[in-house]
Amino acid sequence: MKKILFVLTSHDQLGDTGEKTGFWIEEFASPYYLLKDKGYAIELASPKGGQPPIDPKSATADFSTPATERFNKDEETQQVLSKTLKLDTVSEGDYDAVFYPGGHGPLWDLAEDKKSIALIESFYSNNKPLGVVCHAPAVFRHTKGGDGKPLVEGKKVTGFTNSEEAAVQLTDVVPFLVEDMLKENGGIYSQGEDWAAYAVQDGHLITGQNPASSELVAEKLINVLEG
């Protein structure tokens, strides 16, 4: 049975706004259930371990999807989520792929987390698929390839767009804009329509633009694993 590591944020403060953030439920639940239902073993980790913070907005009716509704009734998965492993206890060698759900949290912690950076570099250099969605491509801010250049340099990527960030009025709150960072790191950035499902694959590197793209990223991840 193939095993997939999900890495979630531990950061719950939305800059200095006094509001809470965390991970976005749909971006966890959609890929999690798609992979689980296909028989993959999944383990969850976060920098601090334990219960990762959920972005409260993602739990509102406005952002309800079949996957979030399933999660809300699924006590077993909620229990698993409450006991994430500490990120510094996991090893790339134990997994066949890694998936990073978004939400604004990763902009603050996972983008800068040395263990996460090392894990991503290890997964990539060992030709294991990486699925990363929405704000989670923030994790490529400091990652390097084997040549010492930014990992995303010369690779097709996507992520939360500047226009989507402007639409949620957080352009001046976030520490950096995902789209700008990917371009500055030499990524070949493209995007679909705002809020529409859009994912890009470059070899075993798979990125999705926004919450609606999370299942598409997981589907492409499965294609790599089964290919």
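I'll start with the aromatics: Phe6, Phe23, Phe28, Tyr32, Tyr33, Phe71 and Phe99 are joined into a cluster by ring pairs. A pair here means Phe, Tyr or Trp rings (for Trp, the six-membered one) with centres within 6.5 Å; planes under 30 degrees apart are stacked, over 60 edge-to-face, the rest tilted. This is a predicted model, where local features need pLDDT of at least 70 and side-chain atom pairs pLDDT 80 or more, while totals for chains, interfaces and linings use all residues. Residues are numbered from 1 along each chain as its sequence is written, and side-chain values use heavy atoms, without hydrogens and water.

The structure has nine aromatic pairs. One of them, Trp24 with Phe63, has ring centres 4.9 Å apart and planes at 75°, so this pair is edge-to-face. Trp24 is buried at 12% relative accessible area, and Phe63 is partly exposed at 36%. Buried is under 20%, exposed over 50%, partly exposed in between, with a 1.4 Å probe and protein chains only.

Phe160 and Trp195 also pair edge-to-face, at 5.6 Å between centres and 65° between planes. Phe160 is buried at 4%; Trp195, at 41%, is partly exposed.

Now helix H4, residues 114–125. Helices are DSSP runs of H or I, at least four residues, and strands are runs of E, at least two, numbered from the N terminus. Its buried residues are Ser116, Ile117, Leu119, Ile120, Phe123 and Tyr124.

Note on methods. The expected span of a helix is 1.5 Å times one less than its number of residues.
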